[in-house]
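Let's take a friendly tour of a ligand and the protein around it. Have the sequence and the 3D view ready, and follow along point by point.

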Amino acid sequence: MMEKFDVVIIGSGPGGYIAAIRAGQLGLKTALVEKDKELGGTCLNIGCIPSKALLTSSDHFMFAKKEAAKHGIMIDGAHVDLGKMQQRKDKVVKTFTGGVRALMKTNKVTTFEGIGTIIAPGKVSVKSSKGGTQELETKNIVIATGSAPVELPFAKFDGKTIVSSTEALTFAEAPKKLLVIGAGAIGLELGSVWNRLGSEVTMLEFLPRIALGFDLELSNLLQRLLTAQGITFHLETKVSAVKIDNGAVTATATKSGEELKFKADKVLVSVGRRPFSEGVCAEKIGVEFDDRKRIKVDKHFRTNVEGIYAIGDVIAGPMLAHKAEDEGIACAEIIAGKAGHVNYDAIAGVIYTNPELAGVGLTEDQAKEKGIDYGVGKFPFRANSRALCNEDVDGMVKFVADSKTDRILGAHILQHAASELIAEAVSVIEFGGSSEDIGRTCHSHPTLSEAVKEAALNVEKRALHIMNR
Ligand code: FAD
Ligand code: NAI
């Protein structure tokens, strides 16, 4: 007999599994369909979580090797057991994916293993990898099928020498020479991991800057710091060919009209991700896509077909786990007849290098482009007491505020703990607050967050611990 649900969600990444939890909380009879063995999608299995586990481990190694002695801690012969480091990462992932499965039970969500296909509005077929297909009947369907790495036509992934982030998270040994194409979030994070673990890392980026979308001044500063850590950057460099000969790679690129050759053991291609919606909808259903093959939705996540919704990486907007999660919550609430909504002006982006680069809202350049009359307040961590105690003084905080209303338009932080510090700015932006609001808030001493307060005060050029404004 065909099972009947209020909502069937296809894809169990942070978009899908969070939508399932919220739908379950709201009393909807919910099903979650996932083609892979584990729940959790890209984020938990091959994205955010394993990458952060390796970033933390390799950062600890750098501390032991380069920083500990400054604190009077002498660690002789610090070295890496990569097998153990990878096992720890796998354990972190397993704990989390197991936790998601338990959360499905708690929230009375029925899970199905298999490829989900919408065969008609209100009907999803699930084809299991073990053979056999079953049909689910439902009032509503949420497509949360995520994204996949973009492949370069002249450098097709072979999973060994030309790899995506998925394989670069599982190397059994650090490649001697690693070439990274694309200096965005993945390139910078995984380039950092392997640089720390002993690879000679060269990054090729066709734009004149790294970390597109983040504040330019802070991105340039991050590039200088990563260069000092040993990563080589070639900007405005266009790769045109990648050849493999005897397991060794030669990439051909042009920089300022000059042809360059780069040799390496492995190439990580990290030039973006594309929405993944192959096969999720039978063509006759007529779900519309935009020019970048993302599923088109209105502000209530509704596609053009009644009863079919889409969220996360498969629709427009930043490809971020917390964006997918918040859309999952809002979409489940809308399906349950409530007023769900996402504030796209208050979604932070973070690159988890050391220091971390975080930003929310408008950058200075974006404010300029929009013709907004804005003011800027900055504060360097070298003037912050806690950063000094931590021996961690690289980076700064920068606010962009509206000159007339003082409302915060954007906040940008480069610091070892920027991913945590940015949360204060996100909250204040969410509440429509001003730089004065942060400047008048009492921050604990001594903390890194005092630098956030000082930068806010400096929008009106009245930071306290600063000599040159
Ligand atoms: P996904 O997580 O991609 O999940 C989609 C799921 O749908 C998958 O499990 C897939 O198997 C399943 N699926 C697809 N089609 C079907 C089908 N027909 N039937 C059944 N199941 C199907 N974001 C951050 O915010 N912070 C980070 O630190 C971060 N780090 C990242 C690091 C890496 C290396 C990568 C690759 C990404 C990272 N991201 C990060 C991005 C983040 O992973 C994505 O934005 C997020 O996973 C998107 O969630 P989603 O639910 O839309 O899709
Ligand atoms: P990205 O979009 O962040 O960066 C891709 C970079 O590659 C850009 O700088 C682009 O100019 C460059 N590029 C594109 N084509 C190129 C070419 N042919 N030659 C040289 N350079 C080229 O994409 P990335 O790093 O692959 O990450 C994909 C997505 O995953 C991102 O959109 C991000 O949202 C998400 N992600 C998020 C993380 C986080 O939040 N910490 C971490 C990792 C990924």
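Around ligand 1 there are 38 residues, and Glu34, Thr42, Lys52, Gly116 and Ala321 come nearest; a residue counts as near if one of its heavy atoms lies within 4 Å. This is a predicted model, where local features need pLDDT of at least 70, side-chain atom pairs count only at pLDDT 80 or more, and totals for chains, interfaces and linings use all residues. Residues are numbered from 1 along each chain as written, chains are lettered from A and ligands numbered from 1 in written order, and side-chain values use heavy atoms, leaving out hydrogens and water.

**Contacts with ligand 1**
- The side chain of Thr42 has a polar atom 2.6 Å from an oxygen atom of ligand 1, a polar contact (a pair of N or O atoms within 3.5 Å).
- For Glu34, an N or O atom of the side chain is 2.7 Å from a ligand 1 oxygen atom.
- Cys43 uses a polar backbone atom, 3.4 Å from an oxygen atom of ligand 1.
- Ligand 1 taken alone exposes 1,000 Å², and the protein buries 94% of that (Shrake-Rupley method, 1.4 Å probe).

**The shell by class**
- The shell around ligand 1 has 15 nonpolar, 17 polar and six charged residues; Gly counts as polar, while Asp, Glu, Lys and Arg count as charged and Ala, Val, Leu, Ile, Met, Phe, Trp, Tyr, Cys and Pro as nonpolar.

**Domains**
- The domain assignment gives domain 1 (3-149 + 274-342), domain 2 (162-271) and domain 3 (346-460).
- The centres of domain 1 and domain 3, taken over C-alpha atoms, are 30 Å apart.

Conventions
A polar contact is a pair of N or O atoms within 3.5 Å; within protein, one must be able to donate a hydrogen and the other to accept it, and residues adjacent in sequence count only if both atoms are side-chain atoms. Domain bounds come from an automatic or database domain assignment.
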